[in-house]
Amino acid sequence: MSASAPTAQLTATSAHSSGFSGPDQPHYEDYGKCIHCGLCLNHCPTYKLWGLEADSPRGRIRQIVLVEQGRLALGETFVRHIDQCLDCRACETACPSGVEYGKLVEAARAQIEQHYRRPFFSRLARDFAFRRLLPYPQRIALAARLLRIYQSSGLQALARATGALHLFGLADRERLLPAIDGEFFFSRLGRTYPPAGHRRARVALFAGCVAQVSFTALHEATIRVLTANGCEVVVPAGQVCCGALAAHAGVRDVTRSLARTNLEVFLREDFDAVVTNAAGCGSTLKEYELLFDANAPEHAQAARFRSKMRDVTEFLADLGLSAPLATLPLRVTYQDSCHLVHGQKVREAPRKLIRSIPGVELAEMAMADYCCGSAGSYNVTETSTSLAILAEKMKHARATGAPIIVTANPGCLLQMRAGTQIHSTGQEVVHVMELLDRAIGNPTSPR
Ligand code: SF4
Ligand code: SF4
């Protein structure tokens, strides 16, 4: 299908003819807000790449509506255009009409998951990743141990040197793999870290899934920064993956099940805030309500949880830094994480924290709030598009002349680190918490 710019407003009576219902359905109240103005188009990475209406936010919304009305088949063409969306939500920020595009695309993906049969290998891979691996911490740990053997035994170096990965078309994807930690953060679940000095706040740390096997150092830096600033940090046992990757892929039954566990775990005690250093997780955690019917008990729990949920940069910027900060004579640039700036509307907090470090000069990057191409599992499923978007990003990052790129999400860290290697920019990529950790006295953070 070549979706052309729509010409007519949709009416409430024309909607809801597909027979889908419940929280996994696109709702008229959401797509009816689109006035087809097209102001979002030039903010959309896929539209900018290909110039196709069908791969723009307006075109995708139109297709979602047509499927909803039963006027377009929920078939291969529709699936392709929806799959090619990064779910970066830049279109939400650009939209003058308040269209919550993220809600729409995730509901459309849920319909695809429920009503469309993907090719065999795609089904196999999705079933393994979203249903059999990510929900289970022990399986994540086992898979990570196997990956670590591959990375540290010399096998990885051999596979790269011999070109074997190119033979199987895996070279680009392999480059994006996270380096696996020697010791996993899972062993810290259940611990409480006391504040330095007077307690200003008591917070729970959300630790994620893959982050627990590849971002242990980031979690430790986050805890050091929080405790140095007077926070008691509890890492509740029993917490599980937030379900963001599954939700972005339309596998919402899995996200719902994970959400029930996390709601139970994090609402057991009263915290001043639940914090995360992963913007992608935070965005989904703050939107757990969308997974449940308005009259379901979990909906009310999710609303309570949302009132506590904070990105760690947002929380610290509001609390105010109290720890003494060393001078770091550094020029840095900041890459917005889409799910922080567009999903959670947090733009200033990380910049405020970076600027609060004496000696640090923040050189703004052109199009800093434009996706880096990571987008959850997009860099694995749509690798060539992801790398094309990354190439643009690295041009802007290099042009700042900053030797350090700071960001606020593990997915962006991995993607930007791959970008610095692929494009030989020689830049270092760190999380805001790691930069702050250096300023409070750990100069080699995150190592
Ligand atoms: S979420 Fe991103 S890629 Fe998808 S339509 Fe919006 S701007 Fe384009
Ligand atoms: S900017 Fe908003 S209202 Fe305009 S076409 Fe895009 S989604 Fe629709």
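Start with the second largest cavity: select α2 (45–50), α3 and α5, each of which supplies at least two residues of its lining. Helices are DSSP runs of H or I, at least four residues long, and strands are E runs of at least two, numbered from the N terminus. A cavity is a set of points, on a 1 Å grid over the protein atoms alone, where a 1.4 Å probe fits but cannot get out; lining residues have an atom within 4 Å of a point.

The model is predicted: local features need pLDDT of at least 70, side-chain atom pairs count only at pLDDT 80 or more, and totals for chains, interfaces and linings use all residues. Residues are numbered from 1 along each chain as its sequence is written, chains are lettered from A and ligands numbered from 1 in written order, and side-chain values use heavy atoms, without hydrogens and water.

**Ligand 1**

Stay in the second largest cavity. About 80 Å³ of space lies there. Its lining has 13 residues, with C44, R60, C85, C88 and C91 closest to the centre. Volume is the space filled by probe spheres set on grid points, joined across faces, edges and corners.

By class, this lining holds 9 nonpolar, 1 polar and 3 charged residues. Ala, Val, Leu, Ile, Met, Phe, Trp, Tyr, Cys and Pro count as nonpolar, Asp, Glu, Lys and Arg as charged, the others, Gly among them, as polar.

Now show ligand 1. It takes up the space of this second largest cavity (more than half of its atoms lie within 2 Å of the grid points). Select the residues around ligand 1 (a heavy atom within 4 Å): C44, P45, P57, R60, C85, L86, D87, C88, R89, C91 and Y101. The shell of ligand 1 has 8 nonpolar, no polar and 3 charged residues.

**Ligand 2**

Move to ligand 2, which takes up the space of the largest cavity. There are 13 residues around ligand 2; C34, C37, G38, C40 and C95 come nearest. By class, 9 are nonpolar, 3 polar and 1 charged.

The largest cavity has about 110 Å³ of space. Its lining counts 16 residues, with C34, C40, I61, C95 and V99 nearest the centre. Select α3 (57–68) here: this helix gives the most to the lining, 3 residues. In all, there are 4 cavities of 30 Å³ or more.

**The second largest pocket**

Next, select P178, A179, L414, R417 and Q421. They lie nearest the centre of the second largest pocket, which is lined by 27 residues. A pocket is an open set of points with protein on both sides within 12 Å along at least five of seven lines. This one holds about 640 Å³.

Colour α23 (410–422), one of the elements that supply at least two lining residues. α23 gives the most, with 5. The lining divides into 12 nonpolar, 7 polar and 8 charged residues.

**Salt bridges**

The whole structure has 35 salt bridges (a side-chain nitrogen of Lys or Arg within 4 Å of a carboxyl oxygen of Asp or Glu).

Select R80 and E382: their closest N and O atoms are 2.9 Å apart in a salt bridge. R80 is in helix α4 (76–83), E382 in the loop between α21 (378–381) and α22 (383–399), 302 residues apart. E382 is buried at 10% relative accessibility, whereas R80 is partly exposed at 38%. Buried means under 20%, exposed over 50%, partly exposed in between (1.4 Å probe, protein chains only).

Go on to E92 and K345, joined by a salt bridge of 3.2 Å, N to O. E92 lies in helix α5 (90–94) and K345 in the loop between α19 (338–341) and α20 (348–355), so the pair ties together parts 253 residues apart in sequence. E92 is buried, at 9%.

E100 and K103 form a salt bridge at 3.6 Å, N to O. E100 is partly exposed at 32%, and K103 likewise at 27%.

Finish on D336, E348, R351, R355 and E364, which are linked in a salt-bridge network.
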